[in-house]
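Below is a short briefing on a structure with its sequence. Read it with the view open beside you.

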Amino acid sequence: MLGTNLEHIKSVEEFNEVIESNENVMICCGRMGPMCLPVYDVMENLEEKYENVKFYDMEFDAPHAHVLRNHESASGFMGLPFTFYFKNGKAVKATTSIQNKKQIKTIIEEHLV
Amino acid sequence: MNVKHYDAIVLGAGAAGLTAGIYLARANLKTLIINEGSIGGQMVLTHAVANYPGVLEASGRDISLIMKKQAKEFGCDIESNVEITKLDLNSNKKMIEIDDDEVFTSDVVILATGGKPRKLGAKNEDKFKGFGISYCATCDGDFYTDKDVIVVGGGNSALEEAVSLTKWVRSITIVHQFDNFQATDHAIEQAKKNDKISFILESEITEYLGEQQVEGVKIQNQKTGEFSELKTDGVFVYVGYIPNTDNFKDIIDLSERQEILTDANMQTNIKGVFSAGDVRIKKIRQITTAVSDGTIAALNAIEYLQN
């Protein structure tokens, strides 16, 4: 399990429930490395600002993470973390490697809220 | 635009910045740490720290997470992974704007912005980030299992990361701009004796080639000026660190190497602006020296505010 203050998704069932039962979801799938930690920091910071977006992480090396590692929107991704934005259960945007707060906010504003 | 005032703002959340934050917040000063990169700075890249007194052995990441927790528990606010878009340090009331939409002011500022990996500056570098260009072997190495990659650079980071990448990849070509390496003898020896590693010296990558992902690079020989192309599945870039002083290079006195000049109290040339850590001019850059700088800067900043 990742050592963040975010909610962790710990199974495929939980992943399906999270994206089906929430309108706006951001999930960062990564490790505890230097490219991933800054993204978790931003998500923890944005949780208060965007109350209608749910923020989760998923451990990249966990067995259930295949749902995101092999997600169609992550085709060609070769840099951690893989970050996904879901609206009404559908991935509307995904990014590979580190993104800063401004880039993340822009995606949320454009695709989720 | 909302403006929020703090007693003290620390720029940077590496060992120096977090230490300064801890001391400032413990002195009951309303403190904000603004950080453009990863909390912990370069410390998070260190797998095992065994020379930090009081800690037998821990990862740099774990030490930084504890420092962050300490800073937050003493009351520090932290804005991380943001971009500083405007900055005024000359007035008595210092002003810092982030991401074009939030403004913070303070009576004192500590510059602890550390260093950042130098980019290569080759064509298409931004386009292929995460699609064949990486700056972190431990993060992304396994995506290149049984593939051919290039490592750029000739210092310790480049050679050590190249050796660590051999766990996954089929072959590594180290491309380096000089005909000799800046790494330690041990690192050079380890790289040279590894069968998977070959070298192209006195050469620089000028362009990344490919459609969706990196498929090759264009290389220029520094001696002859001739260009050649090399097929590759990925490129790991380790061409050194530069001090993060771009935001204030016109107002803060810097060394020739763009490091911040301070006196022994970490005071810069501007009243109420202190500096600490790797961004400051100094010879030894360790977690211990960053912590020391952060302490001295914070205590002098507190004294400045009391007067």
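The contact takes 21 residues from chain A and 26 residues from chain B, where two residues are in contact if their C-beta atoms, placed from the backbone, lie within 7 Å. This is a predicted model, in which local features need pLDDT of at least 70, side-chain atom pairs count only at pLDDT 80 or more, and totals for chains, interfaces and linings use all residues. Residues are numbered from 1 along each chain as its sequence is written, while chains are lettered from A and ligands numbered from 1 in the order in which they are written.

**The side of chain A that touches chain B**
- Helix H2 (37–49) and helix H4 (101–112) of chain A each supply at least two of its residues; helices (H or I, at least four residues) and strands (E, at least two) are DSSP runs, numbered from the N terminus.
- The largest share, five residues, comes from H2(A).

**Chain A as a whole**
- Chain A has four helices and five strands, in the sequence pattern β-α-β-α-β-α-β-β-α.
- Its C-alpha atoms fill a box of roughly 30 × 30 × 25 Å along the principal axes.
- Of the 113 residues in chain A, 40% are buried, meaning that 20 or more other C-beta atoms lie within 10 Å of the residue's own.

**Chain B**
- The domain assignment, automatic or from a database, gives domain 1 (3–117 + 242–306) and domain 2 (133–237) of chain B.
- The centres of these two domains of chain B, taken over C-alpha atoms, are 33 Å apart.
- In helix H4 (residues 156–165) of chain B, the buried residues include B:Leu159, B:Ala162 and B:Leu165.
- Among the elements that cover the buried residues of H4(B) are helix H3 (137–140) and strand S9 (148–152) of chain B.

Note on methods:
Buried ≥ 20, exposed ≤ 12 C-beta atoms within 10 Å, placed from the backbone.
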